[in-house]
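Here's a quick briefing to read with the model open beside you. Take a look first, then work through the points below.

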Amino acid sequence: MFGRREPVPFAFVAEADRFRSNVTPPPRERPSVGEMAGRWLLGLTIVAGLVGSLVIGTPALTPGHTADQPQQSQASEKR
């Protein structure tokens with residue numbers, strides 16, 4: 001294989017730690033009231049969905065239902 005014949009300057013790597021830019025980034029724009037309300041509403045919706053799924057799903061996880069008794073539908077009952 002061919003090797004590189006010209007020297008590679010590594011001085012720029014050593015100077016990278018000391019380099020300081022004279023260009024300041026623009027200040028961050030403050031979110032508007034509508035954007036803040038939208039973020040709060042989205043967060044509240046996500047939390048409410050998680051809590052709701054936990055409340056609805058918890059009874060299915062309780063071991064109160066026994067598998068010994070066969071389930072019968074109301075249609076199969078004759079009165």
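Which residues form a nonpolar patch on the surface? They are Val 47, Val 51, Val 55 and Ile 56, with about 400 Å² of accessible area together. Keep in mind that this is a predicted model, where local features need pLDDT of at least 70, side-chain atom pairs count only at pLDDT 80 or more, and totals for chains, interfaces and linings use all residues. Residues are numbered from 1 along each chain as its sequence is written, and side-chain values use heavy atoms, with hydrogens and water left out.

**The whole chain**
- The chain has 2 helices and 0 strands (DSSP runs of H or I with at least four residues, and of E with at least two, numbered from the N terminus).
- Its accessible surface comes to about 8,800 Å² (Shrake-Rupley method, 1.4 Å probe), and 63% of that belongs to carbon and sulfur atoms.
- Buried residues make up 0% of the 79 residues (buried is under 20% relative accessible area, exposed over 50%, partly exposed in between).

- H2 has 29 residues and reaches 42 Å from its first C-alpha to its last, close to the 42 Å expected (1.5 Å times one less than its number of residues).
- The number of buried residues in H2 is 0, so the helix lies largely in the open.
- Val 47 sits in H2, which covers residues 33-61.
- With a relative accessible area of 48%, Val 47 is partly exposed.

- Thr 62 lies in the segment after H2.
- Thr 62 is partly exposed too, at 45% relative accessible area.
- Its side chain reaches the backbone oxygen of Pro 59 at 2.8 Å.

How values were computed. Patch = residues over 30% accessible without salt bridge, like charges linked within 9 Å, V, L, I, M, F, W, Y side chains within 5 Å. Salt bridge = Lys/Arg side-chain N within 4 Å of Asp/Glu carboxyl O. Buried < 20%, exposed > 50% of the residue type's maximum accessible area, 1.4 Å probe, protein only. Polar contact = N/O pair within 3.5 Å; in protein donor to acceptor, adjacent residues only side chain to side chain.
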